[in-house]
Amino acid sequence: MAKPCSNTMQTESCITCKNRHADWFCNLSPQALVEFDVLGMHMTVPPGSTLFFEAQPARSVYILCGGHVKLTTSSKDGKTLLVRIAKPGDVLGLSAAISGTPYSTTAQALDPVQVKSFQRQDFLHFIEHHIEGSMGAAKMLNKKYLDLLSNAVRLALSGSISGRVARLFLEMAAGQNGPKPSFTMPYTHENLANMLGTTRESVTRVLNELKRKEIIAIKGTSMTILRKDALELLL
């Protein structure tokens, strides 16, 4: 089992941060942002480090400022399912902190990650006393619900592995204009297999077939959908 990550203080401040987006939790009014900044601690964690473990008491909440975090859950027989890949702006451990239950997933850094860490009680106090914090928490919980719903639909409605892969790629390209949407692929073949409930070999076979038929193109971590209609036929 991986060891919990070590904490490294950063000089960065939420007040001077230029990376906040309109849909991030930390997009707060100046007054609330000052209090929010003081409550938390900036950390950097190396790839492979674990922020928290499944079934561990929820003592902290994390705002993901940079990098990607893998969220997984395990069955009693030892099988691991990739729930999702958290991106900058996501709030990790929020539902467990609010409900007072243990973490439902294990959170592991996929690359160098920057987070803002809050003690559970401090974070709860903040959202209780700031209406914009409460609304932000509600939006983050709704986003998590929609992500989990998409995962469930992907597994339930796509009987074939190629159909599951196609649905995932179409979801990742959603909202992009143009006939050939492109996006960054944060998943390895093993990540995709865990997320889609199949094997790495099956994922690799499907990807090779999609490339051979010129339905998708992959260059490094960049993926382009060349024939969206052909992907939709696989659903």
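Student: Why is Arg 200 called partly exposed?

Tutor: Its relative accessible area is 43%. Buried means under 20%, exposed over 50%, and partly exposed in between, with a 1.4 Å probe and protein chains only, so Arg 200 counts as partly exposed. A word on the source: this is a predicted model, where local features need pLDDT of at least 70, side-chain atom pairs count only at pLDDT 80 or more, and totals for chains, interfaces and linings use all residues. Residues are numbered from 1 along each chain as its sequence is written, and side-chain values use heavy atoms, with hydrogens and water left out.

Student: What makes Arg 200 and Glu 201 a salt bridge?

Tutor: The term asks for a side-chain nitrogen of Lys or Arg within 4 Å of a carboxyl oxygen of Asp or Glu. The closest N and O atoms of Arg 200 and Glu 201 are 3.5 Å apart, so the pair qualifies.

Student: How do you know that Asp 90 is buried?

Tutor: Asp 90 has a relative accessible area of 4%, so it falls in the buried class. Asp 90 also forms a salt bridge with Lys 143, with the closest N and O atoms 3.2 Å apart. That pair links distant parts of the chain, 53 residues apart: Asp 90 lies in the loop between strand E5 (80-86) and strand E6 (91-92), and Lys 143 in helix H4 (residues 131-157).

Student: Why is Arg 212 called exposed?

Tutor: Good one! Arg 212 has 59% relative accessibility, so it counts as exposed. Its salt-bridge partner Glu 209 is partly exposed at 31%.

Technical notes
Helices (H or I, at least four residues) and strands (E, at least two) are DSSP runs, numbered from the N terminus.
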